[in-house]
Amino acid sequence: MAVRRGRSLVLAIVTMLTAAFAAVFVGNGVAQADSTLIYVHSDSMNKDIPVKVLTAAGGGPAPTLYLLDGLRAPDDNNGWLIETDVEQFFADKHVNVAIPFGGGGSFYSDWQADDPNLGHQRWETFLTKELPPAMAQFGSDGVNNAVAGLSMSGTSALNLAIHNPDFYKAVGSYSGYPVVSAPGFAQGIQVSVAQMGGNATNMWGPWPAGQWGANDPILNAGALRGKAVYISSGSGAPSSDPTVNPVSGQFDPVKFAQMVPLETAASIASRMFVGVLQANGVNPTVHITSQGTHWWNYWQDRLHESWFSTFAPALGV
C-alpha cells in the first residue's frame with residue numbers, strides 16, 4: 001500500500017532528479033590510525049581487490065563491519081578513508097572494519113551479464129564468500145557480521161543483508177535508495193550506472209523484469225526481520241549549509257545540484273521503506289530529519305550514531 005500511494009509522488013519528483021543521481025564524489029582528506037592494506041583475490045572476478053582493514057582493539061575474536069563506498073568508488077581508495085574520521089573513530093573499538101576499494105557503479109551486486117565497460121561484476125560473491133575467509137587472519141570470528149553503506153551502497157547493504165540473512169546480524173543505510181523498481185527510482189539507478197559507463201540491463205536485466213524485484217529492498221523488507229537495522233537520510237533542506245541555500249550570498253548552484261536533489265530522493269525512499277519495515281515486524285533505528293544533504297560530513301555523523309545505537313549492541317561489542 002505504501003509503495004502504491006507514494007508512486008505518483010515518486011514519479012513526479014524523482015524522475016527530475018535522475019540527471020543528478022550520480023553526483024557522489026570523493027575529495028582530499030587525511031585519516032590516520034592503525035590499519036592494514038591487504039589484497040584479496042576474487043576468483044569470481046579474476047582479480048585482486050584492495051581492502052583496508054581497521055584492526056580490532058584488544059585481543060580475542062572480533063566481529064566485522066563491512067563498510068561500502070558510494071557510486072564513484074575509486075579503485076585505489078575508499079571515500080570513507082578519504083573524507084571521514086573512520087580510522088580514528090574505530091581505533092579504540094573491538095571490531096574489525098573491512099573497507100574494500102572499487103565497485104564504482106556496481107551496486108555491489110552480482111551482475112547478470114558482463115558489461116562492455118564495467119566488466120565482470122560479482123561483488124556480492126566477493127563480499128559474502130571470498131572476503132570473509134581473509135578476515136580470519138585478523139581474528140574475525142566469522143559469526144558476528146554487519147554491513148553499511150551510503151547512497152548507492154546504502155541500497156547495496158540492504159540487499160546484501162536481505163540476500164544473506166545467515167551472515168549479517170545488522171545493516172545500515174545512510175541516504176540510500178531502498179525503493180528500486182518503482183518508476184522514477186529505477187530510472188535514477190539506470191542513469192547512475194550509465195554515468196559510470198555501465199548498462200543497468202547487464203546488472204539486473206530489463207526493467208521492470210529481470211532481477212529488479214529481487215534487488216528491491218522495499219519488496220523484500222520482511223527478510224530483515226530479526227536483524228538490527230539503521231536507516232537515515234536528510235531531506236535535502238539547505239538551511240544548514242549556506243553554499244546550498246539559494247537565498248545565501250555563498251550559494252553554489254553546482255554543489256546544490258549535487259547534494260540536495262539526491263538527498264530529497266533518499267528521504268522519500270527511506271520514509272517509504274521504514275513504513276514497510278514496521279509493517280513487516282522490523283523495528284529499525286531511524287534518523288530521518290529535515291536537515292542533512294548528500295555529503296560525507298552527514299554520513300560520518302550517522303556512522304558514529306549507528307555504531308552506538310545499532311551495530312555495537314548487535315555485534316556484542
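Student: Does Phe-308 count as buried or exposed?
Tutor: This is a predicted model, and every value is computed from it. The cut-off for exposed is over 50% relative accessible area. Phe-308 has 55% relative accessibility, so the residue counts as exposed.

Student: Which aromatic pair geometry do Phe-89 and Phe-308 form?
Tutor: A search of the whole structure finds 13 aromatic pairs. In the one formed by Phe-89 and Phe-308, the ring centres are 5.9 Å apart and the planes are at 90°. Over 60 degrees is the cut-off for this class. The pair is edge-to-face.

Student: How many residues apart are Phe-89 and Phe-308?
Tutor: The pair links distant parts of the chain. Phe-89 belongs to helix α3 (residues 86–90), and Phe-308 to helix α9. They are 219 residues apart.

Student: Is Phe-89 buried or exposed?
Tutor: Buried means under 20% relative accessible area. Phe-89 has 11%, so this residue is buried.

Student: Which residue lies over the face of Phe-89?
Tutor: Look for a charge above the ring. One lies at 4.1 Å from the ring centre of Phe-89. A second case is Arg-302, which lies over the face of Tyr-298 at 4.9 Å from the ring centre. Over Phe-89, the residue is Lys-93.

Student: How far apart are the end C-alpha atoms of α9?
Tutor: Helix α9 covers residues 296–315, which is 20 residues. A straight helix would reach 28 Å at 1.5 Å a residue. The ends of α9 fall short of that, at only 25 Å.

Student: On which residue is the kink in α9 centred?
Tutor: The kink in α9 is about 55°. After the helix comes Gly-316, with a positive phi near 75°. The kink itself is centred on Trp-307.

Student: What span does α5 reach from its first C-alpha to its last?
Tutor: Helix α5 has 12 residues. At 1.5 Å a residue, 16 Å is expected. The span of α5 is close to that, at 17 Å.

Student: How many residues of α5 are buried?
Tutor: The helix is mostly covered. Its buried residues include Met-152, Ser-156, Asn-159 and Ile-162. Out of 12 residues in α5, the buried number is 11.

Student: Which helix gives the most to the lining of the largest cavity?
Tutor: The count comes to 1 cavity of 30 Å³ or more. The largest cavity has a volume of about 40 Å³. Among its lining residues are Phe-107, Glu-124, Leu-160, His-163 and Asn-215. The top contributor gives 4 residues and spans residues 152–163: helix α5.

Student: What is the phi of Tyr-108, another lining residue?
Tutor: Most residues other than glycine have a negative phi. Tyr-108 sits in the loop between β4 (96–100) and α4 (123–135). With a relative accessible area of 1%, Tyr-108 is buried. Its phi is positive, near 45°.

Student: Is Asn-46 buried or exposed?
Tutor: Asn-46 is not a glycine either, and has a positive phi of about 55°. Its place is the loop between β1 (36–42) and β2 (47–54). Its relative accessibility is 62%, so Asn-46 counts as exposed.

Student: What is the omega of the peptide bond from Trp-207 to Pro-208?
Tutor: Most peptide bonds are trans. The loop between α7 (200–204) and β7 (228–233) holds Pro-208. The bond from Trp-207 to Pro-208 is cis, with omega near 5°.

Student: How far apart in space are Ser-175 and Gly-149, C-alpha to C-alpha?
Tutor: Ser-175 is in the loop between β6 (170–174) and α6 (185–195). At 0% relative accessibility, Ser-175 counts as buried. Ser-175 and Gly-149 are 26 residues apart in sequence. In space the separation is 8.6 Å.

Notes:
Residues numbered from 1 in each chain as written. Predicted model: local features only at pLDDT ≥ 70, side-chain atom pairs only at ≥ 80, totals over all residues. Heavy atoms only, no water. Helix = DSSP H or I, 4+ residues; strand = E, 2+ residues; numbered from the N terminus. Expected span 1.5 Å × (residues − 1). Bend = angle between axes of the 7 residues up to and from the residue. Phe/Tyr/Trp six-rings, centres within 6.5 Å; stacked < 30°, edge-to-face > 60°. Buried < 20%, exposed > 50% of the residue type's maximum accessible area, 1.4 Å probe, protein only. Lys NZ or Arg CZ within 6 Å of the ring centre and 35° of its normal. 1 Å grid on protein atoms, 1.4 Å probe; cavity = no way out; pocket = protein on both sides within 12 Å on 5 of 7 lines; lining within 4 Å. Points joined across faces, edges and corners; volume = space filled by probe spheres on them.
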